Amino acid sequence: KMTRLVLIVLLALSIISPTQAQRFLPGQKGFQFTASAVDGFNLMNGDKQAFAVGLAFSNYRHFGDHWVFGAEYLQKKHQYKEELIPTSQFTAEGGYYLNYYASPRKTFLFSIGLSAMAGYETINWGEKLLFDGSTITSKDAFLYGGALSLEVETFLADRAILLVHARERLLFGSSINKIHLQVGVGIKLIIND
C-alpha cells in the first residue's frame, strides 16, 4: 500500500511540477539523505526492526548519468527470546547510475546504478554474553561487496529532488546476512547550477 501511494504521489508531482530550472546538467552536484526499510521489515514492527539511513554526494555527467559517493548505516534486530539483538553495518560506497529514462521536461529521471561497497559489521555492539548467559558465536567483521539500485528522481522545486529507491546489497564477510533488500525515500538538494 505504501509503495503504491509513493508511486502515485511521484507520478502526480512529475506531471504537475511547475519548476522550470535546467536539470540534470553535467557538473551539477547535490547532497542526498535517504531512509529505507530493510528486508521487508520496518521500524514499527517490534520484533522485526530493520532500517537504513544514508548520506551521499552526487555529481551529474552527460544525459543524467551520475556518480554517487556516500555512507550508510543499516541496523537489523533479531529476536532472541524476549530481547532484540542488533546487527549494525557501517558502509561506504561509490557507484555510477545510468539514466534509463528521463521525461521530456526533465521533471522525472529513472536510473539504474551499480556501486562498490565496503564497511564494518558489529553484532550486539560487540557484547558476546547475553542476558541469560548465552554467548553470541557470530563475530564482528569487515564487509565488502556491492549494490544494484533502481532510483527515481523528481523535482519538488528548482533545487530539491524527491528520491524513491530500491536496492539489493550483497556484502561478503557478514556472519548474519549477506543480502539485504532496501526500499526507501530521500531528498536531494542541488548545491550548484
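On a 1 Å grid over the protein atoms alone, a cavity is taken as a set of points where a 1.4 Å probe fits but cannot get out, and its lining residues are those with an atom within 4 Å of a point. The model is predicted, with local features requiring pLDDT of at least 70 and side-chain atom pairs counted only at pLDDT 80 or more, whereas totals for chains, interfaces and linings use all residues. Residues are numbered from 1 along each chain as its sequence is written, and side-chain values use heavy atoms, with hydrogens and water left out.

By this rule, 2 cavities of 30 Å³ or more were found, a volume being the space filled by probe spheres set on the points, which are joined across faces, edges and corners. The largest cavity holds about 170 Å³ of space and is lined by 16 residues, of which Q32, T34, E72, E93 and R167 lie nearest its centre. Two or more lining residues come from each of β1 (29–38), β2 (50–60), β3 (66–80), β4 (83–102), β6 (141–157) and β7 (160–172), strands being DSSP runs of E with at least two residues, numbered from the N terminus. The most is given by β3, with 4 residues. By class, this lining comprises 5 nonpolar, 7 polar and 4 charged residues, where Ala, Val, Leu, Ile, Met, Phe, Trp, Tyr, Cys and Pro count as nonpolar, Asp, Glu, Lys and Arg as charged, and the others, Gly among them, as polar.

The second largest cavity, with a volume of about 30 Å³, is lined by L74, K76, T87, Q89, E121, I176, N177 and H180. To this lining β3 and β4 each supply at least two residues, and its composition by class is 2 nonpolar, 4 polar and 2 charged residues.

How values were computed:
On a 1 Å grid over the protein atoms alone, a cavity is a set of points where a 1.4 Å probe fits but cannot get out, and a pocket is an open set with protein on both sides within 12 Å along at least five of seven lines; lining residues have an atom within 4 Å of a point.
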